[in-house]
Amino acid sequence: MEHEIYRWIGILTSIRSDVLAPVGLVLAVVVTVHVLMRKREVGAAIGWIGLAWLSPLLGSTLYVMFGINRVSRRARRLPVLPGPRPGAPPPPVAEVPDAFQPLKRAVERISGLPLVAGNRIERYRHGDEAYPAMLAAIGEAQTSVALSSYIMRDDDSGRAFAEALAAARSRGVAVCVLIDGIGSGYFFPAMYRRLRGLGIPAGLFMHSALPWRMPFLNLRTHKKLLLIDGRVGFVGGVNIADENVMAKNPPEPVRDSHFRIDGPVVGQLAQAFWRDWAFVKGEDLEGPAWFPEIPPAGPSLARVVTSGPDADIEKIEFVVLEAVATARRSVRFATPYFLPSEMLLTALGLAAMRGVTVDVIIPQASNHRVVDWATRAHVGPLLEAGVRIWLDRPPFDHSKLMVVDEAWCFVGSANWDSRSFRLNFELNVEVYDPDFAADLDTLMRAKMEQRLTADDLNSRGMAVRLRDAGVRLLLPYL
């Protein structure tokens, strides 16, 4: 009997080898062909092909689960932005100084949108200033309110917005709300249920109760956008949650910056919201309630730049690269997370080498410790090139600000990391305005007290340096 058992084990082992070997070969070939045709990054391509050949079954399974960019495939289903309304007047002509002409032309090619004149920009700090202004604008709305937020918690701040939106709808204002399917509560977003209970048309961006259909970390809408009557817009980094209100003394406060925009560029903001609403709800927003004629309101030149893992992929990163490449005197920016691509690291280093003053402001400690570890392992080449890196003291500041040559500004929702530049749906606004640039510079200079130096990096213990270097390998996913 024992002999018979061993004989059958031998037969099954032989059959398994005979069957699995050719199956593994076929899988390795299929993965190799797919990688060669789809992967743009050489390092990633080599890694996946090597894994598929060294361990065909395991490697192929991992590639199917994590290596195929289903994000882009799903995102390509999004509709295109609507063009100008028939008979609509052309936007005001926007002229920039000669030094900025190359940047203006490049961003127009990248974004596909014109730079428009006649805008006014106003800055708010934290929810303390932003929320009252936003709630007042909702209270004054006459025709339409559109709100999009990555986080909208069911706390005091969130409920204040829900009540304001319900009041607007009760007086006949058209209201649409989009909140992210992950940022606002994972499987059961409480605020979404509250909005629906109040009769407010609302949608969850890329949300599904089925785990295998939910892209947990990718394809999130990270935009923070409020539109009033199609004429007034609010954009920036402020989510809707009590943690953004410093007066409440939250246990984990989040400082931030937000902006009110009046003027013709609000039409581009409305186009961006329309696109997301059409994707989530399958409904078009049409007519003057959403797309009115907008008169000039101020001296700023502005343009919207959207980015996401679809036709807009890497557009915000490309704009940043172009701004750094054309800078003549200074580049200064603040970001809560700083894990840029090697290409952007090189651009910043080269700018510093040619004499441009480059200042990078990051939190001394962000709300994601792993990101901080990876950052410390990532920025050494910048320090060697002469880039100055400043550590902003707590509490954590979530602002995303950039100023080039004291005149060109870039604000919005995008962080300086691969997730914002490639995987999330983001919205930034470029602004040509020396006064606005001076205001942002004043805000950023107040944070430039403590520098990160090469000695600081080198003084880390070996265990810490190994930890940071290991975490840095996860850069595309952090």
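Let's start with a word we'll need: a residue is buried if its relative accessible area is under 20%, exposed if over 50%, and partly exposed in between, using a 1.4 Å probe and protein chains only. Glu406, for instance, comes out at 38% relative accessibility, so Glu406 counts as partly exposed.

Okay, a bit of housekeeping. What we have here is a predicted model, where local features need pLDDT of at least 70, side-chain atom pairs count only at pLDDT 80 or more, and totals for chains, interfaces and linings use all residues. Residues are numbered from 1 along each chain as its sequence is written, and side-chain values use heavy atoms, with hydrogens and water left out.

Now the overview. The protein chain has 17 helices and 17 strands. Those are DSSP runs, numbered from the N terminus: helices are H or I with at least four residues, strands are E with at least two. Of the 478 residues in the protein chain, 53% are buried. And then contacts, meaning heavy atoms within 4.5 Å: if you take the ones between residues at least 6 apart in sequence, 80% join residues at least 24 apart.

Let's look at some helix pairs. Two packed helices are described by the angle between their axes and the distance between the axes. The axes are lines fitted to C-alpha atoms, for helices over the stretch in contact, and the angles run from 0 to 180 degrees between N-to-C directions. Under 35 degrees counts as roughly parallel, over 145 as roughly antiparallel, 65 to 115 as roughly perpendicular, and the rest as oblique.

Find helix H10, residues 315-326, and helix H11, residues 342-353: they pack at about 15 degrees, with their axes 9 Å apart. That makes H10 roughly parallel to H11. Who makes the contact? On the H10 side you have Glu317, Val320, Leu321 and Val324, and on the H11 side Met343, Leu344, Ala347, Leu348 and Ala351. Sort those residues by class and you get 8 nonpolar, no polar and 1 charged. For the classes, Ala, Val, Leu, Ile, Met, Phe, Trp, Tyr, Cys and Pro count as nonpolar, Asp, Glu, Lys and Arg as charged, and the others, Gly among them, as polar.

H10 has another partner. Helix H5, residues 101-111, packs with H10 at an angle of about 170 degrees, and the axes are 10 Å apart. H5 and H10 are therefore roughly antiparallel to each other. Among the residues that meet here are Leu103, Val107 and Ile110 in H5, and Phe318, Val319 and Ala323 in H10. The contact of H5 with H10 divides into 8 nonpolar, 2 polar and 2 charged residues.

One more pair: helix H7, residues 156-170, and helix H8, residues 190-197. The angle is about 20 degrees and the axes are 10 Å apart, so H7 and H8 are roughly parallel to each other. Gly158, Arg159, Ala162 and Leu165 of H7 make the contact with Met191, Arg194 and Leu195 of H8. By class, that's 4 nonpolar, 1 polar and 2 charged residues.Next, let's zoom in on one residue. Leu382 lies in helix H13, residues 380-385. Is Leu382 buried or exposed? Leu382 is buried, with a relative accessible area of 1%. Leaving aside neighbours within four places in sequence, Leu382 is in contact with Phe338, Leu345, Leu348, Gly349, Val387 and Ile389. Take Leu345: it sits 37 residues from Leu382 along the chain, and their C-alpha atoms are separated by 6.9 Å.

Now some backbone details. Asp229 has a positive phi of about 55 degrees although it is not a glycine. You'll find Asp229 in the loop between strand S5 (225-228) and strand S6 (232-236), and Asp229 is buried at 13% relative accessible area. Pro395 is in the loop between strand S12 (388-392) and strand S13 (401-404).

Last up, cysteines. How many disulfides does a search of the whole structure find? The search finds 0, where a disulfide is a pair of cysteine sulfur atoms within 2.5 Å. Cys176 is buried, with a relative accessible area of 7%, and Cys409 is buried too, at 1%.
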